[in-house]
Amino acid sequence: LSMQNYHDVYGQFPSGTHENDELEPDQRLSWLADILPFVDEAPLYDQIDFEKAWDDEANSAAVQMPIPVYLNPGIAADETDERGARTDYVGIAGLGEDGPNLPADDKKAGVFAYNRVTRIRDIRDGTSNTIAVGEASSDFGPWAAGGKPSIRPFTKKPYIKGQDGIGGRSAGGRNFDCAAGSV
C-alpha cells in the first residue's frame, strides 16, 4: 500500500537508492527511507539528512530506529545489525548481476534500480504479475542502507532460497509484494 501511495503522489515508485550523485549506491539511503512517510513514519523521515550517507553521523540516531513494517514477525526480534535497524525485505532489482543498473525498458529490469525510477507504465508484464518486494533469506542489513541490504537482483538459480538471499527464512510459504500492491 505504501508503494502504491508513493506512486500516486510522485507518479513513480521510489528509486532503489535515494538520488545522490556524490555517493556510491551502497552509501546512499535506501528506498525504504524514501517511503517512511507512507508507513506512518513521517517524523523519522524528517530527522534524516538525505544529502548524507545512510551511515553518516548525522543519520545515526534515525537509522537505529526499528520500523515494525520492515520486520518479518516470524524472525526473532533480537536479531540486530550494529550498523542500524534491520530490514527483512528487499526490493527486486531485476534479473542478472547488472539488474540494479538496467534501464526501465530492459526486459530484465526490476522495479528497483540504483539510478532510475519505475512507473506503472514501465511494467510491461502487468503490475499484478511483477514482484516488487520480497522477503530476504540471508544477508540482512539496515533498512536505511542502499545496495544489497535493501535491493537485490535474481542472479543464480534457484532464485528463491538460493544464493541471492531472497525468499524468507520461515517454514512454509514466502511473502512477495507485487507491484499492484497484492501480497
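Predicted model: local features only at pLDDT ≥ 70, side-chain atom pairs only at ≥ 80, totals over all residues.

Colleague: Where is Glu22 found?

Modeller: Glu22 sits in the loop between helix H1 (2–10) and H2. Together with Glu19, Asp21 and Glu51, Glu22 forms a negative surface patch.

Colleague: OK, salt bridges next. How many are there in the whole structure?

Modeller: The search finds 3 salt bridges. In one of them, the side chains of Arg86 and Asp88 meet at 2.6 Å, N to O.

Colleague: Are Arg86 and Asp88 buried or exposed?

Modeller: Both Arg86 and Asp88 are buried.

Colleague: And what does Lys156 form a salt bridge with?

Modeller: With Glu97, and the closest N and O atoms are 4.0 Å apart. That pair links distant parts of the chain: Lys156 is in the loop between E5 and E6, Glu97 is in the loop between E2 and E3, and they are 59 residues apart. Lys156 is partly exposed at 41% relative accessibility, while Glu97 counts as exposed at 60%.

Colleague: Which side chain does Asp139 meet in a salt bridge?

Modeller: Lys148, at 2.9 Å, N to O. Asp139 is partly exposed, with a relative accessible area of 40%, and Lys148 is partly exposed too, at 41%.

Colleague: Switching to rings. How many aromatic pairs does the count come to?

Modeller: The count comes to 7 aromatic pairs. Take Trp31 and Phe112: their ring centres are 4.5 Å apart and their planes are at 35°, so the pair is tilted.

Colleague: Which parts does the pair of Trp31 and Phe112 tie together?

Modeller: Trp31 is in helix H2 (residues 31–34) and Phe112 is in the loop between strand E2 (89–95) and strand E3 (131–135), so the pair ties together parts 81 residues apart in sequence.

Colleague: Why does Trp31 count as buried?

Modeller: Because its relative accessibility is 2%, and buried means under 20%. Phe112 is buried as well, with a relative accessible area of 0%.

Colleague: Which residues do ring pairs link into a cluster?

Modeller: That would be Tyr6, Tyr10 and Phe38.

Colleague: Backbone now. Which residues does the cis peptide bond join?

Modeller: The cis bond joins Lys157 and Pro158, with omega at about -5°. Pro158 lies in the loop between strand E5 (151–154) and strand E6 (176–178).

Colleague: What is phi of Lys161 near?

Modeller: Phi of Lys161 is near 65°, a positive value in a residue other than glycine. Most residues other than glycine have a negative phi. Lys161 is in the loop between E5 and E6 and is partly exposed at 41%.

Colleague: And what about phi of Asp40?

Modeller: Positive as well, near 60°. Asp40 sits in the loop between H2 and helix H3 (42–47) and is exposed, with a relative accessible area of 72%.

Colleague: Last one: how far apart are Gly74 and Ala171?

Modeller: They are 97 residues apart in sequence and 9.4 Å apart in space, C-alpha to C-alpha. Gly74 is in the loop between helix H4 (60–63) and strand E1 (86–87), and Gly74 counts as exposed at 57% relative accessibility.

Terms used: Residues numbered from 1 in each chain as written. Heavy atoms only, no water. Phe/Tyr/Trp six-rings, centres within 6.5 Å; stacked < 30°, edge-to-face > 60°. Helix = DSSP H or I, 4+ residues; strand = E, 2+ residues; numbered from the N terminus. Buried < 20%, exposed > 50% of the residue type's maximum accessible area, 1.4 Å probe, protein only. Patch = residues over 30% accessible without salt bridge, like charges linked within 9 Å, V, L, I, M, F, W, Y side chains within 5 Å. Areas by Shrake-Rupley, 256 points an atom, 1.4 Å probe, with all protein chains shown as cover. Lys, Arg positive; Asp, Glu negative; His and termini not counted. Charge placed at Lys NZ, Arg CZ, Asp CG, Glu CD.
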